[in-house]
Amino acid sequence: LSFYFIMTKYTLAVSAILLASANAFAPSSSCHSAFTTTTTTTTTTVATARTATKATRLLASTATETPLSPLTIWGPTIEDVNSLQQQCQKAPKPDFAPTVSAKDLNLVGDKKAQLKYFQENAMQLKTLMVENGAVIFRDFDLMKQQDGFVQFYTALGMNTCLDPLHSVSARPTVDGTKNSPVYEAVNKESRKNFFIGMHNEFVGTRAPRAAAFVCFKAAETGGEFLIADGRAIFRDLKPSLVEKLYQRSIRYSVMELPFFGWLDNVPSPIQQPLMNVIRGLASAAINSKVDFSVDLQWGEGGYDNVKMLQARAPKQPPIVVHPVTGDPTWFCNVHSHSSKLRKDREKIYGAERFEDGASQINKSDMFFGDDGDISDEDLQHMDEVTMKNVQFVKMTEGDVVLLDNYKCMHGRNVFDGTRKHGVAWFGGWEGEEEMKVKYLASSTGLGAGAAVVSKV
């Protein structure tokens, strides 16, 4: 191979890395990131802006003041995770995801009365979310349109934050306006047979405290919104696996750069130096885009074992203590991130259809914190326990699931037809600090009052 041929390929590869790192990086845990689009023509932007509602324009004008998604609250170290799990198993099983229906409240058809209900019962409904992980709102006319949905969470006193992907990607908004607070959920037809595994929303060091998922149009078939109680998953996992995962921690592979098969044809004297240069350039490009350290490792992937760079996030605990109630909860995205579990689901639902450039990059996996592999047996057990605790919520127009992002995991079933769901993220809510004082004083949370938790 000539020197110029090698340098040409090297230049193209590095260009691909830099472009991919800047526009298609999908760190730690958002399963939606592989499905975002980042370009909108000026004509389309102007057209959608003209049709935007007054409320949306007002929110867009103040978007510069919207804070980033808050930093993830990992909480205190759990000194004896098995003892804490045993306490949970002996305690009464907590309630999860109660339903509030406009029919039961005799409010169907009266949007003003519905809004008044949310205003007058805001603290009670937020407490219901915190204590039960999620609240399902059904039969409300108010939330069938984006304006009413915004009025709903504003009446509750939920404080919006930017999408956790804000610094690394651009999730589309429901109405197409750049600064809208209501983002698209995963509705693309090309992803209809992609089963989105259960996960908590967090990207690197940031995680919203809560979220509200709304249905503007239900899919003709399937497309259920999935929720699962992280407390129940923690309770039901094998103690030996819980101990092993907590002691060794976990870490995610958050991206793969599969552009380097040509390196196998580079003369051996310069192959390793060239790999070191590429790794350094890619690492600098990626770490300039995110607020956490990404470790790049050479490996092989795909069906033909092509040389690739794999980006791994820092290690983290798979179980956290809830920041308000002190309950221990499963906070681990293995169900969505495990390459093996996704491939197993492909056998049921078909291929993920990750054909485009960004989707090839946005591939994830999970390992122990020391980079050790997790056995197929352990992965299968985590999958079974997770699915045992999943609720399939078939939403209709106007239905909303308000969830606590630390207690409640979410996902999405496969679907056929047209689906239009949206989501708003919250960095907190009015009255949250008062809740913390209340739970700390009563020590009702298993984690907050247990001797097996070390305060840090």
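Is Gln-89 buried, exposed or partly exposed? Partly exposed, because its relative accessibility is 40%. The cut-offs are these: buried is under 20% relative accessible area, exposed is over 50%, and partly exposed is in between, with a 1.4 Å probe and protein chains only.

A word on the source. This is a predicted model, where local features need pLDDT of at least 70, side-chain atom pairs count only at pLDDT 80 or more, and totals for chains, interfaces and linings use all residues. Residues are numbered from 1 along each chain as its sequence is written, and side-chain values use heavy atoms, with hydrogens and water left out.

Now the overall picture. The protein chain has 456 residues, and 55% of them count as buried. It holds 16 helices and 21 strands. These are DSSP runs numbered from the N terminus: helices are H or I with at least four residues, strands are E with at least two. Take contacts between residues at least 6 apart in sequence: 86% of them join residues at least 24 apart. Contact means heavy atoms within 4.5 Å.

Back to Gln-89. It sits in helix α4, residues 81-90. Its C-alpha atom is separated by 9.4 Å from that of Phe-234, 145 residues apart along the chain. Leu-84 is buried, with a relative accessible area of 0%. From Leu-84 to Asp-327 the C-alpha separation is 9.8 Å, and those two are 243 residues apart along the chain.

Next, helix packing. Two packed helices are described by the angle between their axes and the distance between the axes. Axes here are lines fitted to C-alpha atoms, for helices over the stretch in contact, and angles run from 0 to 180 degrees between N-to-C directions. α4 and helix α9, residues 239-248, have axes that come within 9 Å and cross at roughly 135°. The two are therefore oblique to each other. On the scale used, under 35 degrees is roughly parallel, over 145 roughly antiparallel, 65 to 115 roughly perpendicular, and the rest oblique. Who makes the contact? Val-81, Asn-82 and Gln-85 on α4; Pro-239, Val-242, Glu-243 and Tyr-246 on α9.

Leu-115, Phe-118 and Gln-119 of α5 meet Gln-151, Phe-152, Ala-155 and Leu-156 of α7.

On to the cores. A nonpolar core is a set of buried Ala, Val, Leu, Ile, Met, Phe, Trp, Tyr and Cys residues joined through side-chain atoms within 4.5 Å. The largest has 55 residues, and those with the most contacts inside it are Leu-245, Leu-263, Ile-319, Trp-330 and Met-382. A second, separate core has 36 residues, including Leu-142 and Trp-429. Look at Trp-330. Leaving out residues up to four places away in sequence, Trp-330 touches Phe-234, Leu-245, Ile-319 and Met-382, among others.

Last, a sheet. It is open, with four strands in the order β6-β18-β9-β16 and antiparallel pairing. Strands pair if DSSP finds at least two bridges between them. β6 (196-199) and β16 (390-393) are at the edges, each with a single partner strand, so one side of each has no neighbour in the sheet. Neighbouring strands are turned by 20° against each other on average, direction ignored. Two bridges join β6 to β18, residues 408-412. One partner pair is Ile-196 with Arg-412 of β18.
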